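Me: I am new to this structure and would like to know what stands behind the words used for it. Please set each value against its rule.

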Amino acid sequence: MSQIDTNSKLPRSFYLSDDVVALARNLLGCRLWSRHEDNVTAGIIVETEAYDGLTDRATHAFGGRRTPRTEIFYHSGGCAYTYLCYGIHTLFNIITGPEEVPQAILIRALKPVYGIKTILERRNQTSLKRNTAGGPGLVSQALGITREDYGVPLDGDRIWLTPAKSEDLPDKRGILATPRVGIDYAGDDARLPWRFRIANSGWTSPAK
């Protein structure tokens, strides 16, 4: 059974690489933790998407766009970017790269491993299923992440990540790289293979 891990948090330096695509792959197998009202929950990251605002039309900060919502993109890596999608779902992203370089990684799916009772209560479920945290909006709901977590540092006590355990770490042949989901407006950039999934995982999102 998993134990709460607050001693091996990924340091802020981990997120400072300007290669957001490599970071999105490297996050597979890592554990995402949250603490909300004294409830700690966690899941293994099994699906991510990379967004590079320097060149990527799918990114909210493409072309140097700066608004109150996107300003967090220009902070140094290692903090949370949360926003409401379709007026319904809160999506959780990790800001990466050096200061003034707008990059982010969307966490699309988790395998729940800690705080299962709390996760199931949040999802109004009685047992773990693929759709417990198999989608970006479901990730946030399962872990209790909200828009109020916008800008939260990822090496603190609210949200943090820990390295992949050997049994959860996919080998290079065990990672699927495919186009991202729901970004047809991005033109040619919509075809970039920047969605990463652990192959044969039963916990990834169902999106084709």
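Reply: A residue is called buried when its relative accessible area is under 20%, and exposed when that area is over 50%. The model discussed here is a predicted one.

Me: Why is C30 called buried?

Reply: The relative accessibility of C30 is 5%. The limit for buried is under 20%, so C30 counts as buried.

Me: Why does C79 count as buried?

Reply: C79 has a relative accessibility of 4%, so C79 counts as buried as well.

Me: How do you know how many disulfides there are?

Reply: A disulfide needs a pair of cysteine sulfur atoms within 2.5 Å. For C30, the closest cysteine sulfur is in C79, 17 Å away, which is too far for a bond. Seen from C79, the nearest cysteine sulfur is that of C30, 17 Å away, and C79 is in no disulfide. By the rule, the count is 0 disulfides.

Me: What makes D18 exposed or buried?

Reply: Exposed begins over 50%. D18 has 55% relative accessibility, so D18 counts as exposed. D18 sits in the segment before α1 (20-26).

Me: Which residues does D18 touch, leaving aside those up to four places away in sequence?

Reply: They are G97, P98 and Q103. A contact is called when heavy atoms lie within 4.5 Å. D18 and V101 are 83 residues apart along the chain, yet their C-alpha atoms are separated by 7.7 Å.

Me: Is T90 buried or exposed, and why?

Reply: T90 has a relative accessible area of 14%. Since buried means under 20%, T90 is buried. T90 belongs to strand β4 (residues 89-96). Apart from residues up to four places away in sequence, T90 touches T82, Y83, L84, P136, G137, S140, I145, T146 and R147.

Me: Which residues of helix α2 are buried, and what covers them?

Reply: In α2 (residues 116-123), the buried residues are T118, I119, L120, R122 and R123. Their cover includes the strands β1 (31-36), β2 (39-52) and β5 (103-114), along with the helices α3 (130-133) and α4 (136-143). Just after α2, N124 takes a positive phi of about 55°.

Me: Where is W203, and what is it in contact with?

Reply: W203 lies in the segment after β8 (195-198). Neighbours within four places in sequence aside, the contacts of W203 are V46, A109, L110, K111, P112, L128, K129, R130 and G134. Between W203 and A133 there are 70 residues of sequence separation and 7.5 Å in space, C-alpha to C-alpha.

Me: Why can the radius of gyration of the chain be said to agree with that of a compact globule?

Reply: For 208 residues, the globule rule gives a radius near 17 Å; the protein chain has 16 Å, so the two agree. The C-alpha atoms fill a box of roughly 45 × 35 × 30 Å along the principal axes. Of the 208 residues, 55% are buried. Among contacts with a separation of 6 or more, 64% join residues 24 or more positions apart.

Me: What is the order of the elements, and how many are helices and strands?

Reply: There are 4 helices and 8 strands. From the N terminus the order is α-β-β-β-β-β-α-α-α-β-β-β.

Me: How many side chains are positive and how many negative?

Reply: The chain has 26 positive and 23 negative side chains, and the centres of these sets lie 7 Å apart.

Conventions
Residues numbered from 1 in each chain as written. Predicted model: local features only at pLDDT ≥ 70, side-chain atom pairs only at ≥ 80, totals over all residues. Heavy atoms only, no water. Helix = DSSP H or I, 4+ residues; strand = E, 2+ residues; numbered from the N terminus. Rg over C-alpha atoms; globule rule 2.2 N^0.38 Å. Buried < 20%, exposed > 50% of the residue type's maximum accessible area, 1.4 Å probe, protein only. Lys, Arg positive; Asp, Glu negative; His and termini not counted. Charge placed at Lys NZ, Arg CZ, Asp CG, Glu CD.
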